[in-house]
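Hello,

I am handing over a structure for you to look at. Please open it first, then read the notes below.

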Amino acid sequence: MAEQAAKTRMNGRQRTLLWGAVLAAALSAGGLGASTWVRSPAEAAAEARPPLPTVLTAGVVFEQLARNTIFRGTLTARGTVSFTAKSALAPDGFAGTHSVSPIVTAVRAKVGQRVRAGAVVAEIGYRPLFVLPGKVPALRDLAEGDTGPDVGQLQKGLAKAGFGRGSDALGTFGAGTASAVRRLYAASGYLVPTEPGSAMEGARDGSGAGARTAGSHRIVVMPASEVMYVAALPATITQQTGRVGETAGSPLITLSTQGLRLQGRLDPGMKGAITVGQKVVVLDENTGKTRMGTVDTIGRLVTPDIEGSGRAPTDGGTPYIPVDITPTSGNWDADLADEDVRITASANLTHGRVLAVPEGAITTTANGAASVTVAGPDGRDRHVVVTPGVSADGLVAVAPAAGQTLKRGDHVVVGLR
């Protein structure tokens with residue numbers, strides 16, 4: 001019994017020691033956790049202070065300095081000719097019977113494409129629209145037996161497309177001209193247009209239209225609705241409003257005979273910043289494409305809407321100096337018609353490469369001496385006295401004073417952050 005009581009007392013003492021150890025560990029952990037939340041006044045003040053400033057540096061460069069002049073410009077077509085569809089023959093090409101609505105049934109050419117004599121650029125009511133060289137728009141439907149200068153223009157246009165008039169006299173629509181029209185249509189896979197009647201007989205009246213006699217056969221016709229005359233070919237398509245299934249818009253198609261013209265609008269405050277013959281870079285921001293150009297002419301100040309009035313511009317008009325720019329090679333891309341582009345003209349300010357630093361790197365003392373601070377890799381800065389030169393786009397050409405060193409790749413202090 002005494003032995004059993006001794007064991008009980010020993011177990012009680014072990015449990016007491018165990019619980020004491022657990023309590024001590026808990027109190028120790030609580031004290032450690034509490035210590036992470038307690039800050040001395042000195043620590044709190046240190047945390048409240050702003051961080052130390054960071055020194056900003058920039059590299060010294062060795063390059064030719066140039067001043068960039070940036071302005072806007074617009075590309076427009078020179079010498080354009082447009083075609084508007086007013087009617088269309090029936091798909092079988094029978095003229096003189098009935099016409100159909102001018103619905104676009106096919107688009108044969110797209111903006112930017114160059115077209116030559118005899119090309120089909122669109123299809124209206126399943127009928128072709130040909131392009132032929134000529135200065136005067138089609139005035140009327142022409143048929144065998146007709147005479148006049150418009151017949152002569154048709155004959156010359158057909159010849160340019162490779163279809164000669166045979167023995168027909170210039171200005172007379174005879175069998176040779178009819179054959180040329182047939183071959184033009186056959187080459188493009190369309191039925192030749194015809195109308196009832198026979199060749200014109202008798203004297204022509206003053207209008208040149210004459211009188212066609214009725215006959216049992218059909219004669220060849222060149223409809224005004226199926227030919228578009230352009231003064232000079234090849235020409236470039238600058239606008240195409242046709243959509244298959246829709247009524248032909250007005251105009252249906254526009255061609256440029258002399259390419260595009262780029263005219264820049266230079267701020268009057270930049271007068272003198274560019275010169276004739278200066279190279280420029282033209283950026284189309286919609287596509288990211290760039291082209292090189294040359295300043296061709298610099299015009300006089302223009303005040304939109306009130307030119308010559310002597311009053312300040314109104315209705316948002318902004319004065320500008322017109323600057324015509326030609327492409328360095330070739331022509332401006334036709335799909336840039338009516339695009340607003342960015343023009344950058346660069347003028348070299350130094351004859352060769354020079355040391356240059358950012359404007360913010362130069363400090364000037366009270367006596368006018370200029371210097372830069374070079375940040376050393378060991379954390380030690382050194383001051384270099386320099387002579388500033390020309391500046392361009394935030395850079396200043398500098399020359400270190402005798403006995404002092406400044407080289408490309410050095411890092412100069414430009415400020416603090």
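Where does Tyr-126 lie? Tyr-126 sits in the loop between strand S9 (120-124) and S10. Keep in mind that this is a predicted model.

Tyr-126 deserves a look for its backbone. Its phi is near 65°. That is a positive value in a residue other than glycine. Is Tyr-126 buried or exposed? Tyr-126 counts as exposed, because its relative accessibility is 55% and the cut-off for exposed is over 50%.

Next, the cavity. The structure holds one cavity of 30 Å³ or more. The space in this largest cavity is about 30 Å³. Which residues line the largest cavity? The lining is made up of Ser-87, Ala-88, Leu-89, Ile-124, Arg-127, Pro-128, Ser-225 and Glu-226. By type, four of the lining residues are nonpolar, two are polar and two are charged. Two strands each supply at least two residues of that lining: S5 (88-89) and S10 (127-133).

Last, a peptide bond. Which form does the bond from Leu-233 to Pro-234 take, cis or trans? The bond is cis, and its omega is near 0°. Pro-234 belongs to the loop between strand S14 (227-230) and strand S15 (235-240).

Best wishes

Methods. Residues are numbered from 1 along each chain as its sequence is written. This is a predicted model: local features need pLDDT of at least 70, side-chain atom pairs count only at pLDDT 80 or more; totals for chains, interfaces and linings use all residues. Side-chain values use heavy atoms; hydrogens and water are left out. On a 1 Å grid over the protein atoms alone, a cavity is a set of points where a 1.4 Å probe fits but cannot get out, and a pocket is an open set with protein on both sides within 12 Å along at least five of seven lines; lining residues have an atom within 4 Å of a point. Grid points are joined across faces, edges and corners, and a volume is the space filled by probe spheres set on the points. Helices (H or I, at least four residues) and strands (E, at least two) are DSSP runs, numbered from the N terminus. Ala, Val, Leu, Ile, Met, Phe, Trp, Tyr, Cys and Pro count as nonpolar, Asp, Glu, Lys and Arg as charged, and the others, Gly among them, as polar. Buried means under 20% relative accessible area, exposed over 50%, partly exposed in between (1.4 Å probe, protein chains only).
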